Amino acid sequence: MVEVPDISLADIEETRRGLGDLVIETPVHRWRGEEIAAAVGADTEVHLKLELFQYTGTFKPRGAFNVMRHLPDEALRRGVTAISAGNHAIAVAYCAQQRGVRAKVVMVKTANPFRVAKARGYGAEVILAEDAKLGFEMVHRFEAEEGLTFIHPFEGIHTSLGTATVGLELARQVPDLDAAIVPIGGGGLASGFATALKLAQPNCAVYGVEPEGAPTLTRALATGAPVTLDGMSTIADSLAAPFTGETTFALCQAHLDEVVLIDDAALRRAQALAFREMKLALEPAGAAATAALAGPLKDRLRGKRVGVLVCGTNIDVATFATQVAEAG
């Protein structure tokens with residue numbers, strides 16, 4: 001078993017102070033309505049943690065900036081690099097802009113043009129790679145040849161401490177939760193979120209959710225160690241991390257009660273539901289926790305007080321419209 005990093009509430013509180021006003025405390029909204037009642041049960045209390053209202057449209061700046069604030073001045077002067085399907089690259093570009101440092105980010109060529117443009121809009125130099133494997137090789141070359149510091153998309157204690165601030169906020173905004181649901185890609189979000197909730201509300205069950213087409217953490221937990229997947233297929237590209245890291249795996253293994261799987265059809269239905277009743281235009285990853293609550297977790301969480309993490313909304317209008325239309 002991989003050793004679990006020792007994280008305290010005091011560590012998470014210090015992290016939140018360190019992040020300052022480069023991130024905001026995102027709101028929580030109690031979701032009431034006929035459609036959500038029909039989908040999850042009228043007696044289920046749903047509290048949406050609206051992290052889509054974070055700077056850059058996702059939770060990602062919390063981890064990216066927390067990594068950057070621990071870098072020595074000399075490393076910051078040289079600049080940073082990152083690889084991402086989109087959201088992490090955007091966050092690193094934003095954080096670098098705020099700190100006045102150079103950012104050179106790699107995105108896979110299949111990345112949504114909306115996300116590429118958003119990263120460039122924050123001032124980053126964006127390089128497109130054929131695939132994630134080649135992308136990782138490129139950023140490591142930038143490290144060696146240009147002295148840039150690699151900001152990992154999900155692995156590392158500072159990343160997990162950054163995302164733990166989301167869980168701490170939710171725990172203080174909604175006391176006495178019975179359960180909380182968090183989407184999982186590489187596990188950077190889930191590792192911190194679950195850790196904070198277990199520290200702040202020990203009786204809260206924390207469930208992770210992955211796409212059926214990208215069950216990386218599910219496989220890792222079954223194996224008992226980090227794994228790498230050869231191929232993935234899901235509309236939730238933000239949740240399609242090809243491997244797990246040691247820190248994120250250890251924290252998820254220690255603090256998640258269970259990980260459930262959902263298919264792309266469930267993601268589309270959740271996107272449509274959130275739009276019709278909450279007027280939220282979510283990328284598939286942002287709808288994943290709602291999909292899990294309305295699907296595999298519906299019966300066991302019926303009548304419970306549940307926190308649902310809405311993690312992001314970086315999607316263009318045309319893609320969103322197509323996905324919602326396909327929900328039927």
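**Close-up views of a predicted model**

**View 1. Strand β8 has buried residues on both of its faces.** Ala 205, Tyr 207, Val 209 and Pro 211 lie on one side of β8, Val 206, Gly 208 and Glu 210 lie on the other, and all are buried. Buried denotes under 20% relative accessible area and exposed over 50%, with partly exposed in between (1.4 Å probe, protein chains only). Because 7 of the 7 residues of β8 are buried, the strand is largely enclosed by the rest of the structure. The model is predicted: local features need pLDDT of at least 70, side-chain atom pairs count only at pLDDT 80 or more, and totals for chains, interfaces and linings use all residues. Residues are numbered from 1 along each chain as its sequence is written, and side-chain values use heavy atoms, with hydrogens and water left out. Helices (H or I, at least four residues) and strands (E, at least two) are DSSP runs, numbered from the N terminus.

**View 2. Strand β8 pairs with β7 and with β9.** Strand β7 (residues 179-183) runs parallel to β8 and is joined to it by 5 bridges; two strands pair if DSSP finds at least two bridges between them. In this pairing, Pro 183 is opposite Val 209 of β8. Strand β9 (residues 258-262) is likewise parallel to β8, with 5 bridges, and Ile 262 in β9 is the bridge partner of Pro 211. A right-handed β-α-β unit is made by β7, α9 and β8. A crossover is right-handed if, with the strands pointing away from the viewer, the path from the first strand over the helix to the second runs clockwise.

**View 3. Helix α11 (residues 246-255) is largely enclosed by the rest of the structure, since 7 of its 10 residues are buried.** These buried residues are Thr 247, Thr 248, Phe 249, Ala 250, Leu 251, Cys 252 and His 255. Their cover includes α8, α9, β8 (205-211) and α10 (216-223), where contact means heavy atoms within 4.5 Å.

**View 4. The whole structure contains 0 disulfides.** A disulfide is defined here as a pair of cysteine sulfur atoms within 2.5 Å. Cys 95 is in no disulfide, and its nearest cysteine sulfur, that of Cys 311, is 17 Å away. Cys 252 is also in no disulfide; the nearest cysteine sulfur is that of Cys 311, 14 Å away. Cys 95 counts as buried at 1% relative accessibility, and Cys 252 is buried with a relative accessible area of 2%.

View 5. The buried residues of α1 are Ile 12, Thr 15 and Leu 19. Just after α1, Gly 20 has a positive phi of about 55°.

**View 6. Phe 193 is among the residues that touch the most other members of the largest nonpolar core.** A nonpolar core is a set of buried Ala, Val, Leu, Ile, Met, Phe, Trp, Tyr and Cys residues joined through side-chain atoms within 4.5 Å. Helix α12 (residues 264-278) gives the most to the core, with 6 residues. Leaving aside neighbours within four places in sequence, the contacts of Phe 193 include Leu 170, Ile 181, Val 206 and Leu 309. Another core, of 31 residues, lies apart from this one, and its members include Leu 22, Val 80, Ala 89 and Val 108.

**View 7. An open sheet of 4 strands is ordered β5-β4-β3-β6, with parallel pairing.** At the edges stand β5 (125-129) and β6 (149-150), each with a single partner strand, so one side of each has no neighbour in the sheet. Strands β3 (residues 80-84) and β4 (residues 103-108) pair in the parallel sense over 5 bridges. Lys 104 in β4 is the bridge partner of Thr 81.

**View 8. Asp 176 has a positive phi near 55° in a residue other than glycine.** Asp 176 is in the loop between α8 and β7 and is exposed, with a relative accessible area of 63%. Lys 279, which is not a glycine, has a positive phi of about 60°. Lys 279 lies in the loop between α12 and α13 (288-294) and is exposed at a relative accessible area of 59%.
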